[in-house]
There are 2 protein chains.
Amino acid sequence: MTPPLLVPDTAGTLAPSSPAAGSGANLDIVVGLFVLLLAAKVGEEVFRRLRQPGVIGELAGGLLVGPYALGLVVPGETATILSEIGVVILLFAVGLEIKTDELLQVGRPALVTAVLGVVFPIAAGAAYALVVGEPPATAAFVGLALAATSIGITSRVLAEMGVLDRRFGRIIVGAAVIDDVLALILIGIVSGVAEGDLGVATVGLVVGALGFVALGFAIARRARGLRREVFTWPLFTDTPLVLAFLLMLGLAILAASIGLAAIIGAFVAGLIVAETEAQDEVEHEIKPLASIFTPFFFAVTGAQLDLAALADPKLAVAALVLAALGIAAKVLAGIIGARGTGSWSALAVGVGMAPRGEVGIVVVTLGLSLGLLTPSLFSAVLVAVVLTTVVAPILLSLVIPRAAAEAAAAGDGAAGPAVAAG
Amino acid sequence: MTPPLLVPDTAGTLAPSSPAAGSGANLDIVVGLFVLLLAAKVGEEVFRRLRQPGVIGELAGGLLVGPYALGLVVPGETATILSEIGVVILLFAVGLEIKTDELLQVGRPALVTAVLGVVFPIAAGAAYALVVGEPPATAAFVGLALAATSIGITSRVLAEMGVLDRRFGRIIVGAAVIDDVLALILIGIVSGVAEGDLGVATVGLVVGALGFVALGFAIARRARGLRREVFTWPLFTDTPLVLAFLLMLGLAILAASIGLAAIIGAFVAGLIVAETEAQDEVEHEIKPLASIFTPFFFAVTGAQLDLAALADPKLAVAALVLAALGIAAKVLAGIIGARGTGSWSALAVGVGMAPRGEVGIVVVTLGLSLGLLTPSLFSAVLVAVVLTTVVAPILLSLVIPRAAAEAAAAGDGAAGPAVAAG
């Protein structure tokens, strides 16, 4: 008997491995991607014409075609991976626009905002859970789920409004990174306690997380003025993009594998490239990739929101209370942490820290798998997490113009992006 | 009981929907993509340093890390979809560099090459199958599997060597499109016969395939000089890329859904955009996307080659004979069809038509599912198809420099940038 060329499993995937005739399964997946991308862009167009942030339109487009509305698309493996690569590219692009010097300048307000932005939501979420009669461990986890910021949405709104290089923009980005590290450490400790194993692994997590960010920052400092040829020496490329992309993806994977959010790794990669002579070119070349990949992140996020769940009054009340507490806690943290930058800017920092996004979703799911959250509490916190993510850009669109005007009046970025960056 | 926010199935995919802590499954997929991209690029670098076509290095890189060698990566759904989008982008980029006028100029040699390039391989493959004692229907299908050209590999080699705009380059591209339409029609007829249903569906297929290509071509003719604003009117974009990308993906899906190869749709989309004023800009912006997506196509193709299968002498002989027949038949078709362009150019056309790629793989798989191919014959034809795909770039790298020199001597593209590469 002739050995088959391909193991059965692979042979099964070979048929659909081409988009030509007979590959229905893969065609369906590509059609799903097309619909998601189109919905995101149509949604963005509609919202822009209504003078609203385009990112809300992308979320709405995903929600509309997703499983909880029209049901045209149920995001599967590929859409999810594209959305992850999309937010990784987004944070890489954010890092690309920031110099480490600029981050150090906002180190103090960012640190205070981050610490308070973890403490306040934990306190608020835990207090709510204790009031409705949950045990302390569960209460701690509800708080934790509200602690971690996901700055994907915020950084997109900041970029869309052209204020990423304002002081309050940099405070948000810096605080979000610190916040993510703090939340990771706390999640590790709580998980360790829940699993009765608070020891070497937890210490390793703390050391790994702090070490990764510190080392990345140190490398970025050393990368200053690195020549373009560092990225273009291979014969296979005449632009720095491919090596920069591999660095981005590699650091995102490294961050995720030590338990940090992948976007932290991508942001650090952006910080590193930002200091080199390849910065301009990479920034220019990453844009086409961002314009195709990042809509998947917002459309897939929007597709996860089940507004119908809010029809259950008990769930709706719990979710709305938790979302309100979560947003208020972050806003308070921002107002206190960034108070030196002017009141609208401080408010923008607080609102900018509000979206919990995919980081919050992961924490909630972890709580369910650890048995710390009941299914109904899981649903309530999950809706609250998604609400913070969807509401934040709406609030930001109200606050940012005033914060930008305030910053301009104070001489920060008054004469356009070039000056603002300095 | 509170309704869960998410249906269980979706909740199951939510946990890994973020690359943050606890999403092991998705992290593994992203790691697999990283390894494939890295292997393709390292392979390309090694082969370029050895003065060989980089695309062979990408194939070799995929083979090396794939399931039949080191086994670091087994390309799954996402890698396969990325590889399909990769070859779609590649053919879109090829279409972008070609004007319909230039295709019409090579209409006659392209048509003759395509027709002979379908007739000869069918005759050769069928003759071999009849000689080894297969029934006529099976013999016809073996021939068919060798008929369809996949120009993904060839167009990459042409682009790498800077000869895509030479006359022989355009003949290859034009012939490959005609060839694909012819092969599709024949496959439809044979499948119809095998299923005892040769009627309206088959006619629909023929009309659909011819209609799609003719209509696409007509639209491209009408698109001449179309203003850039046609692609940049939406508020969400200030470059033509996003709409051009949606057009590319939409036509690829449309082509695939009527049974043509998706790459034909992408190529037609490229032809259309090539006639507009947005051509320059789209060509510039599609490059970063191509540099990230297309390596997946070559790496995934390489990962499908099981060289160990050639250890079976009977299979090895059958595969090698079929591959040799398949290449010889296409070379002969090219030599006759393009004989007016000079002998090296005609040889380049023939060799350029040799790779069967994913189109051949689909036909082979279809033959197995229709019961027209036995498992051992399936393996032999499949190895032959993959061999034509892997060997062709090696042959092309030997023939193209001479064809380019010949073309330059005849005044074809003598003043273009391609001379330096040739």
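Q: Is A:Gly57 buried or exposed?
A: In this predicted model, A:Gly57 is buried, with a relative accessible area of 0%, where buried means under 20% relative accessible area, exposed over 50% and partly exposed in between, using a 1.4 Å probe and protein chains only.

Q: Which helix does A:Gly57 lie in, and what does A:Gly57 touch?
A: A:Gly57 lies in helix α3 of chain A, residues 54–65, helices being DSSP runs of H or I with at least four residues, numbered from the N terminus. Not counting residues up to four places away in sequence, A:Gly57 touches A:Ala40, A:Gly43, A:Glu44 and A:Phe47, a contact being heavy atoms within 4.5 Å.

Q: And what is A:Pro393 in contact with?
A: A:Pro393, which is found in helix α18 (residues 375–409) of chain A, is in contact with A:Pro53, A:Val55, A:Ile56, A:Ile153 and A:Val157, leaving aside its neighbours within four places in sequence. A:Pro393 and A:Val55 are 338 residues apart in sequence and 7.6 Å apart in space, C-alpha to C-alpha, and A:Pro393 counts as buried at 0% relative accessibility.

Q: Switching to chain B, how do α4(B) and α13(B) pack?
A: Helix α4 (residues 77–96) and helix α13 (residues 262–274), both of chain B, pack at an angle of about 35 degrees with their axes 7 Å apart; the axes are lines fitted to C-alpha atoms, for helices over the stretch in contact, and angles run from 0 to 180 degrees between N-to-C directions.

Q: What classes of residue make that contact?
A: The contact of α4(B) with α13(B) has 14 nonpolar, 2 polar and no charged residues, with Ala, Val, Leu, Ile, Met, Phe, Trp, Tyr, Cys and Pro counted as nonpolar, Asp, Glu, Lys and Arg as charged, and the others, Gly among them, as polar.

Q: Where is confidence lowest in chain A?
A: By pLDDT, the predictor's confidence in each residue from 0 to 100, chain A is lowest in helix α1 (residues 8–14), at a mean of 32, and highest in helix α12 (residues 241–257), at 95. The pLDDT stays under 50 over residues 1–22 of chain A. Where pLDDT is low, the predicted coordinates should not be read in detail.

Q: What ground rules apply to numbering and values?
A: Residues are numbered from 1 along each chain as its sequence is written, while chains are lettered from A and ligands numbered from 1 in the order in which they are written. Local features need pLDDT of at least 70, side-chain atom pairs count only at pLDDT 80 or more, totals for chains, interfaces and linings use all residues, and side-chain values use heavy atoms, with hydrogens and water left out.

Terms used. Helix = DSSP H or I, 4+ residues; strand = E, 2+ residues; numbered from the N terminus.
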